[in-house]
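Here is a friendly walk through one structure, with a few stops at its backbone, its rings and its ligand. Please keep the view open as you read.

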Amino acid sequence: MIDTAAIRADFPVLARQVRGEPLIYLDSAATSQRPIQVIEAERDFYARLNAAVHRGTHALGEEATDAYEAARDAVSRFVGGGEIVWTKNATEALNLVAYALQNTTLDGGPLALREGDEIVITEAEHHANLVPWQQLARRTGATLKWLGLTDDGQIDLSTLDRITERTRVAAFTHVSNVTGAISPVAEIVKAARAVGALIVLDACQSVPHMPVNLVELGVDVAAFSAHKMLGPTGVGALWARPGLLDQFPPFITGGSMVEVVTMENTTFLPPPARFEAGSQATAQVAAWTAAVEYLERIGMANIAEHEAELTAHCVAGITQIEGVRLLGPTKGGIGVVAFDVDGVHPHDVSQFLDAGGIEVRAGHHCAQPIHRRLGVRSSSRASFGVHTTPAEIDAFLDRLSEVRRYFGVIS
Ligand code: PMP
């Protein structure tokens, strides 16, 4: 059990009203709200120790660098150890990996994909873990394949044989940002490991909501974003198992990632600096520590239990509303519930809920293929955070049960 009343007091935005109603924020999967501890940590960086990192030979520079590197330790510890590279967001982290798998300039190594190689993803992917692989396949002549989905949006393990001896990369989401379904990581990792594929996990929707130990999961690289886990906007993480990044060539080049530069040539710093060219989002990185500490204080197992209960409660309610179809599993999901309202466009659903102070997402949630697979173009999505309460879900369900009448679909 977590103390949601105490937690809610930490989130300033929850005190406001929306359209004259108390705010019910059910869009944490898009971006989480921030507790005061994180807001203050970012402010504190500017107020006390703002300076360029890894450059200044002065006290402020050293303190800023310490805060920046302490965040790296905190985020790494939070996901079970391993190396962390700061990126702009998870999307950039995944692009960095896809870029590395095309370019072999550093060591001409075995990573570069070629014609005949295969990349395997799933039909459930967010575009951030789909488009970079599609583009990589196009640029290298590799073939993109994908694991299929069951009718309730879960990864269909009967399609696991699409991972073959030709598979060089297996990239998949840990938790779907549409259905909340948790992927069968162990099975996919086993199949991909057996053929020596590089295993890439999109952990955007898992790391904020449940205990995740990337080392124990046995993946090679992973991506997630601070802004979905109570942290600042504008910073993400590329996580890698120790030693792997040594084989990756630079992605963005320029200052802060070089050793010696002549007019003819450049030698590069080892990771992580090799991948952190130019001025970084220092205050945001530093404040990510506060988000990690906040989550750790509550305990990820407690958060997972809370959010799984909320999800089950929401799913149970939705399946009882006539004309509302759940898009996703009835059991086992976490944090996210998508649905289709018969006869009412998701934008109208969202606006109707918004008029009652309830904020949900409408659209394809950057995941068009899974919507196509589930037979819809778009959907509505409610998603939860550590501050969400069962009472908020009840208010949402009450209003949702009025939406078809309001739009004249039923009388
Ligand atoms: N993958 C998943 C599963 C996501 O939910 C998101 C964000 N909606 C992303 C990737 C991309 O994250 P970001 O926008 O922070 O790069």
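## Backbone points to look at

Let's start with Arg19, which has a relative accessible area of 61% and is therefore exposed. Keep in mind as you look that this is a predicted model. Arg19 sits in the loop between β1 and β2 (21-22). Its phi is near 50°, a positive value in a residue that is not glycine. Most residues other than glycine have a negative phi, and most peptide bonds are trans.

Ser256 also has a positive phi, near 70°, and is likewise a residue other than glycine. You will find Ser256 in the loop between β10 (236-240) and β11 (258-261). With 31% relative accessibility, Ser256 counts as partly exposed. For the peptide bonds, turn to the one from Pro271 to Pro272: this bond is cis, with omega near 0°. Pro272 belongs to the loop between β12 (266-268) and α8.

## A loop residue and its partner

Another loop, the one between β6 (143-147) and β7 (167-173), holds Leu160. Is Leu160 buried or exposed? Its relative accessibility is 18%, and buried means under 20%, so Leu160 counts as buried. Ala191 is 31 residues from Leu160 along the chain, and the C-alpha atoms of the two are separated by 7.5 Å.

## Aromatic rings

Now for the rings: ten aromatic pairs turn up in a search of the whole structure. One of them joins Phe11 and Tyr294, with ring centres 6.1 Å apart and planes at 85°, so this pair is edge-to-face. Distant parts of the chain are linked here, since Phe11 lies in the loop between α1 (4-9) and β1 (17-18), Tyr294 lies in helix α8 (residues 282-298), and the two are 283 residues apart. Both Phe11 and Tyr294 are buried.

Tyr406 and Phe407 form a pair whose ring centres are 5.0 Å apart and whose planes meet at 85°; this pair is therefore edge-to-face. How exposed are these two residues? Tyr406 has 56% relative accessibility and counts as exposed, whereas Phe407, with a relative accessible area of 34%, is partly exposed.

Two further ring features deserve a look. Tyr68, Trp86, Phe224 and Trp288 are linked into a cluster by ring pairs. Over the face of Phe352 lies Arg399, at 4.1 Å from the ring centre.

## Around the ligand

Finally, turn to the ligand. Which residues come nearest to the ligand? Among the 13 residues around the ligand, they are Thr91, Asp202, Gln205, Ser225 and Lys228. The shell around the ligand is made up of three nonpolar, eight polar and two charged residues.

In the side chain of Thr91, an N or O atom is 2.5 Å from an oxygen atom of the ligand. His227 has a polar side-chain atom 2.8 Å from an oxygen atom of the ligand. For Lys228, the ligand atom is a nitrogen, 2.7 Å from an N or O atom in the side chain. How much of the ligand's accessible area does the protein cover? On its own the ligand has 390 Å² of accessible area, and the protein covers 90% of it.

Notes:
Residues numbered from 1 in each chain as written. Predicted model: local features only at pLDDT ≥ 70, side-chain atom pairs only at ≥ 80, totals over all residues. Heavy atoms only, no water. Near = heavy atom within 4 Å. Polar contact = N/O pair within 3.5 Å; in protein donor to acceptor, adjacent residues only side chain to side chain. Areas by Shrake-Rupley, 256 points an atom, 1.4 Å probe, with all protein chains shown as cover. Nonpolar A, V, L, I, M, F, W, Y, C, P; charged D, E, K, R; others polar. Phe/Tyr/Trp six-rings, centres within 6.5 Å; stacked < 30°, edge-to-face > 60°. Helix = DSSP H or I, 4+ residues; strand = E, 2+ residues; numbered from the N terminus. Buried < 20%, exposed > 50% of the residue type's maximum accessible area, 1.4 Å probe, protein only. Lys NZ or Arg CZ within 6 Å of the ring centre and 35° of its normal.
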